[in-house]
Amino acid sequence: MAKIDFGGVVEDVITRDEFPLSKAHDILKDEVISIIGYGVQGPAQAFNLKDNGFNVIIGQSSQYENDWNRAIQDGWIAGKDLFEIEEAVKKGTIIMLLVNDAAQKAIWPLIKKNLQKGAALYFSHGFSIVYHDQTSIIPPDDVDVIMVAPKGSGTSLRRNFLSGSGINSSFAVYQDYTKRATERCIAVGIGIGSGYLFPTTFEGEVYSDLTGERGTLMGALAGILEAQYVVLRENGHSPSEAFNETVEELTQSLIRLVDENGMDWMFANCSATAQRGALDWSPRFKEAVMPVFKDLYKNVKNGNETRRVISECGKPDYMIKLNEELAALRNSEMWKAGAAVRSLRPKETKSAISENAKGVSGRGQS
C-alpha cells in the first residue's frame, strides 16, 4: 500500500499504480460477478465492471417491474445476463448485494439459501453486517464477506468512470474464508472504477457514512440552505435573489473552488468582505451545530437511525410516501425558484480552457 499524509496522519491507500486493472483481471478471471439489485448503485457498478472486462450478471426481481424493465432497456438480456435473484446468486461467485438496506433484510433468506461455498458476499455499506441484531444478516462461515463503499452516489460513480476520473472508495474484509478475500475485495474496487481505495472496517464505514448523509452531505446541507433562504425571504428579498445568494453561488462557484484546492483557496479567491465575514462567523456556526452532530453520531452508533431506516423503508407504501416528500421539496417556493434559476443558465457548449488563458489561475497564498 502507498503511504499518504492526511493532515499529519499517515494512512495506507491502494492506488491504480500499484494495483492496476490487469492485476484485477488476473485475480477475478474465473469469477462470475452477480449484481443483486438494479436500483442506485447496481447499474453503475455493473456497467463499470462490464466496461472494464469482467463477467457480470444482474439479479433483479421481476416483481419490481420498473427496475426489471430499466435493466432490459439498458441492454441486459433476460436469461442471458439478467436473472431473478435466486438464479443470479446460484450462478455467481461474487455476490454484490446492492439493494437498499431495508430490502437486504427482506431478501437475505433467499440469498443465504443459494450462496455457494467459497463465494464472496459483497456489500457497499456496513449497515447489514454491523446492525445484524436488527437485520438478521449473519453470513455462513464458508464464504468471504467483503465491502467496497464508493464515496458517492451510483450516478456519480458512473459519470466519473465515463469521464476518466473515478471516485474514491473505502474497503474492508469482515470474513476471510478463502484466504483470498482481501485481493478479491481490492480487485472489485479497482474494477468498479475507484480512483483510490482506503482501508476501513464495516463499523467505521457505516458510522461515518450515516453521519455524513444526515449531516453535511445531505441533511444538514438541506436544512442550512433552507434556513438562510427563509431568513432572506422574511426580510423582503425576492425568491431569485434569495436562491442565488443561498444555493446558486455555492454550487456554481464556491464549492468548485473548494473542490479544486481546499477551503482556504476558496476564501483566498473571494472578496475581502466575504473572507472576513466567513472567518468571523464560521466558529459561531461550528459551535451552534456541534451539539447536533454529537447527538447525531450517538444515534447512529446506538442503532436508533438504523431502526428507523428498517422500519420506514421496509413498509410496502414507502416509495409512495417518499415520492410525496420529494414532491413537497421540489414544489416548495425555494426549489421552484431554483428550477427557474437553472433554466436561465447559459446554454452554450462548454469549451476547454487553455493553459495560456489569463485570469483563471486564482490568488495564491501570500
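Author: The account below begins with the pocket and then turns to the cysteines and the sheet.

This is a predicted model, in which local features need pLDDT of at least 70 and side-chain atom pairs count only at pLDDT 80 or more, while totals for chains, interfaces and linings use all residues. Residues are numbered from 1 along each chain as its sequence is written, and side-chain values use heavy atoms, with hydrogens and water left out.

The second largest pocket holds about 1400 Å³ of space. A pocket here is an open set of points on a 1 Å grid over the protein atoms alone, where a 1.4 Å probe fits and protein lies on both sides within 12 Å along at least five of seven lines; the points are joined across faces, edges and corners, and the volume is the space filled by probe spheres set on them. Its lining, meaning residues with an atom within 4 Å of a point, comprises 28 residues, of which Ile224, Gln228, Leu250, Met266 and Phe285 are the closest to the centre. The elements that give two or more residues to this lining are α11 (219-234), α12 (239-261), α13 (263-268) and α14 (272-301), and α14 gives the most, with eleven residues. Helices (H or I, at least four residues) and strands (E, at least two) are DSSP runs, numbered from the N terminus. By residue type, the lining divides into 19 nonpolar, six polar and three charged residues, where Ala, Val, Leu, Ile, Met, Phe, Trp, Tyr, Cys and Pro count as nonpolar, Asp, Glu, Lys and Arg as charged, and the others, Gly among them, as polar.

As for the cysteines, Cys270 is buried at a relative accessible area of 19%, whereas Cys313 is partly exposed at 25%; buried means under 20%, exposed over 50% and partly exposed in between, with a 1.4 Å probe and protein chains only. A search of the whole structure finds zero disulfides, a disulfide being a pair of cysteine sulfur atoms within 2.5 Å.

Elsewhere in the fold, ten strands form an open sheet of mixed pairing, in the order β1-β2-β10-β9-β8-β7-β6-β3-β4-β5, with two strands taken as paired if DSSP finds at least two bridges between them. The edge strands, β1 (2-6) and β5 (82-83), each pair on one side only. β8 and β9 pair in the antiparallel sense over six bridges, and Ala149 stands opposite Ser170 in β9.
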